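Okay, thanks everyone, let's get going.

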Amino acid sequence: MPNRSHPERHRTQRIGWLRAAVLGANDGIVSTASLLVGIAAASTGKTQVLVAGVAALVAGAMAMAAGEYVSVSSQADTEEADLSKERLELANAPDHELRELTAIYVARGVEPAMAADVARQLTAHDALGTHARDELGLSSVVSARPVQAAMASAASFAVGAALPLGVALLVPERSMVLGVAGMSLLFLAALGVMSARVGGAPVARATARVVAWGALAMAATAGVGALFAGVA
């Protein structure tokens, strides 16, 4: 039978956009739903609740994009600084870098003679890429991509925020608090299941923690809103 090679897909290839997308969607649902519940609990009219929700969606999406871009850009700057240092070391002390690479492979269980041979061959093929991967732990799979992370975070936040906002638009004013809170918990549960399946994590645990933190946030803002309604 002929040997048929096939590409293997690993979940680490999704880590960059998955982290930003899950974080954005979760924050969009929790922060917007909590805001809507808090304002509705303060006995504010439906129009004011919806205006606040739209403002929260726009501001939150922009804030998530900016924050993610700055954070991941800082990571990218650090990676580039390490790579620049490694380039300089490879240019000025190639023998030392070769011994360093050999020592890394020996520490991983390769026999010294074979480790030295592997180090020489990989250095001849791609010295910087080999040191980036095996010494620094950097690779194209997990390297920082600021624009991708910012766009994924902003888009997922907007989608997440639109869900409780849509519920607030459809439910009667008297049912606003329970309607938005209840549906938002269902949205969070669905997000937990989806992110767990995509990322290969235990579904029950991922779903439980997402729902628990969302419920806590909405309960806190509802309490604040009710408190202000009582003193108004």
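This is a predicted model: local features need pLDDT of at least 70, side-chain atom pairs count only at pLDDT 80 or more; totals for chains, interfaces and linings use all residues.

Residues are numbered from 1 along each chain as its sequence is written, and side-chain values use heavy atoms, with hydrogens and water left out.

So, the overall picture. The chain has 7 helices and 0 strands, where helices (H or I, at least four residues) and strands (E, at least two) are DSSP runs, numbered from the N terminus. Reading along the sequence you get α-α-α-α-α-α-α. There are 232 residues, and 35% of them count as buried. As for contacts, meaning heavy atoms within 4.5 Å, take those with a separation of 6 or more: 77% of them are between residues 24 or more positions apart. The chain exposes about 13500 Å², with carbon and sulfur atoms supplying 66% of that; accessible areas here come from the Shrake-Rupley method with a 1.4 Å probe, and for residues only the protein chains shown count as cover.

Let's go inside. A nonpolar core, for me, is a set of buried Ala, Val, Leu, Ile, Met, Phe, Trp, Tyr and Cys residues joined through side-chain atoms within 4.5 Å. The largest one has 29 residues, and M176 and V180 have the most contacts inside it. Which elements give two or more residues to this core? They are α1 (15-41), α2, α5, α6 (176-199) and α7 (203-231). The largest share, 8 residues, comes from α1. If you click on M176, leaving aside residues up to four places away in sequence, you'll find it touching A40, K46, V49, A168, V171 and A181. Apart from that core lies another one, of 5 residues, including L101, I104, Y105 and A119.

Two of those names come back when you look at T130. T130 sits in helix α4 (residues 112-134), and beyond residues up to four places away in sequence, T130 touches L101, Y105, L122 and E135. Buried or exposed? T130 is buried, at a relative accessible area of 2%.

Over to L163, in helix α5. L163 is partly exposed, with 34% relative accessibility. Again skipping residues up to four places away in sequence, L163 touches I29 and F187.

Now charges. Side chains of opposite charge can pair when their charged atoms come close. My cut-off for a salt bridge is a side-chain nitrogen of Lys or Arg within 4 Å of a carboxyl oxygen of Asp or Glu. How many salt bridges does a search of the whole structure find? It finds 4.

Start with E80 and R87, whose side chains meet at 3.2 Å, N to O. E80 is partly exposed at 38% relative accessibility, and R87 is partly exposed with a relative accessible area of 38%.

Next, R108 bridges to D134, with the closest N and O atoms 3.4 Å apart. This pair links distant parts of the chain: R108 is in the loop between α3 (94-107) and α4, D134 is in helix α4, and they are 26 residues apart. R108 is exposed, at 52% relative accessible area, whereas D134 is buried, at 13%.

Then there's R120 with D117, closest N and O atoms 3.8 Å apart. Both lie in helix α4, 3 residues apart, about one turn of the helix. R120 is partly exposed at 46%, and D117 is partly exposed at 35%. Salt bridges that share partners also join R108, R133 and D134 into one network.

Last stop, the surface. Y69, V70, V147 and M151 form a nonpolar patch with about 420 Å² of accessible area together. Patches are made of residues with over 30% relative accessible area and no salt bridge, joining like charges within 9 Å and nonpolar side chains (Val, Leu, Ile, Met, Phe, Trp, Tyr) within 5 Å. Helices α2 (46-92) and α5 (146-170) each supply at least two residues of the patch. V70, for one, is in helix α2, and V70 is exposed, with a relative accessible area of 52%.

How values were computed. Buried means under 20% relative accessible area, exposed over 50%, partly exposed in between (1.4 Å probe, protein chains only).
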